[in-house]
Amino acid sequence: MKKLYLVLFLILLIALAGCASKKKQETSLGAFIGGTDGMSFQFVEEEPPLTILDNSNQPFFITLQFKNEGEYSIKENDILTTLSGISYESFSISKASQRNQNGLDKGYLNKQTGEIVEGATDQISYEADYKEDLAYDLPFTISANVCYAYQTQAVAQLCLSKQPTRRPQKTDVCVVTEEKEIGNSGAPVQITSFSERAAGQNEVSVTFKIENKNAGETYNPNFINNIDDCVSDEREKNKVYLKVSSEQAIDINCPKLGGGKEGEVRLINDQTTITCNIDTQGLAEATPFAGAMDILIDYTYKDNIATDLTVENAL
């Protein structure tokens, strides 16, 4: 009987572990799922095949499968794919660049069940047929550049007071000068640190770091709308558009944003640091109280994938 109870207990533990594996721990601030992925993509199996025949003997497909891994819904036409590394004429590809016809909804946390609802998937497919007549087998590498619109939402803790330089008291609910907690939505660009300090009798200063945490390139959010082909552009690369705000009635000015609360910033080595000043003179509270700063990062993200294909002589 004891052995039976032990077996039943082990089965229960395995079942509970299986349920837990379907959940993903969200960050404590902002209730985001988190992570550094935006949209993942891969070639569908056998599209393209590993080998094909020459001389128009074997038409085939080149198909890309997309999945929204992050927490921003991608709209129709906001994904642009461009094939490269091959001759479009030789492979009978009439249109090297295509856009998505369907939107990709984001993943999200079901607050009632605690489970993660995964993001949507979609495909873009090309028809191809190698028309040249070869006297030998010839290897190729087919590359696909993928550009897509994405956003990162972040929220950071603030400690606000009309007089932030006053001596801290044991009864204070928060401390002005310290590193703050930050929560990020799932996306390739992240806020990786956030700190606050008293900068004057009626002023606090916040400093935060923006980092591209994935392998792709960032561009201005309008980049996706202004191009016909997804290719790198050194003049436009490493840009994002930033907006900061707060529900509290406070005046925020950021020198890198021209003294305002939004604007384009450039990443150097995939990162940049932003400082913003907050005027607390209009606050009524002399003692510190908890607040929050909302940060929105808007951008086009470009990434790449490649696969090998051999064209065989059909004789």
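**Ground rules**

I call a residue buried under 20% relative accessible area, exposed over 50% and partly exposed in between, using a 1.4 Å probe and protein chains only. By that rule Lys239, at 11% relative accessibility, counts as buried. I am working on a predicted model, where local features need pLDDT of at least 70 and side-chain atom pairs count only at pLDDT 80 or more, while totals for chains, interfaces and linings use all residues. Residues are numbered from 1 along each chain as its sequence is written, and side-chain values use heavy atoms, leaving out hydrogens and water.

**Salt bridges**

I took a salt bridge to be a side-chain nitrogen of Lys or Arg within 4 Å of a carboxyl oxygen of Asp or Glu. The count came to 10.

I started with Lys239, which bridges to Glu264 with the closest N and O atoms 3.8 Å apart. Lys239 lies in strand 15 (residues 239–245) and Glu264 in strand 17 (residues 262–266), so this pair ties together parts 25 residues apart in sequence. My strands are DSSP runs (E, at least two residues), numbered from the N terminus. Glu264 is partly exposed at 38%.

Next I looked up Lys180 and Glu196, whose side chains meet at 3.4 Å, N to O. Lys180 sits in the loop between strand 10 (178–179) and strand 11 (182–184), and Glu196 in strand 12 (residues 189–200). Both residues are buried. Glu178 joins these two in a network of salt bridges.

I then checked Lys131, which forms a salt bridge with Glu89 at 3.7 Å. Lys131 is in the loop between strand 8 and strand 9 and Glu89 in the loop between strand 4 and strand 5, so the bridge ties together parts 42 residues apart. Lys131 is partly exposed at 35%, whereas Glu89 is exposed at 57%.

For rings, I paired those of Phe, Tyr and Trp (its six-membered ring) with centres within 6.5 Å; planes under 30 degrees apart are stacked, over 60 edge-to-face and the rest tilted. The whole structure gave me 11 aromatic pairs. Phe91 and Tyr130 are edge-to-face, 4.9 Å centre to centre with 70° between the planes. Phe91 is in the loop between strand 4 (79–84) and strand 5 (97–99), and Tyr130 in the loop between strand 8 (121–128) and strand 9 (138–160). Phe91 is buried at 0%, and Tyr130 is buried at 5%.

**Tyrosine cluster**

Finally, I noted that ring pairs link Tyr72, Tyr148, Tyr150, Tyr299 and Tyr301 into a cluster. Tyr148 and Tyr150 are both buried.

Methods. Helix = DSSP H or I, 4+ residues; strand = E, 2+ residues; numbered from the N terminus.
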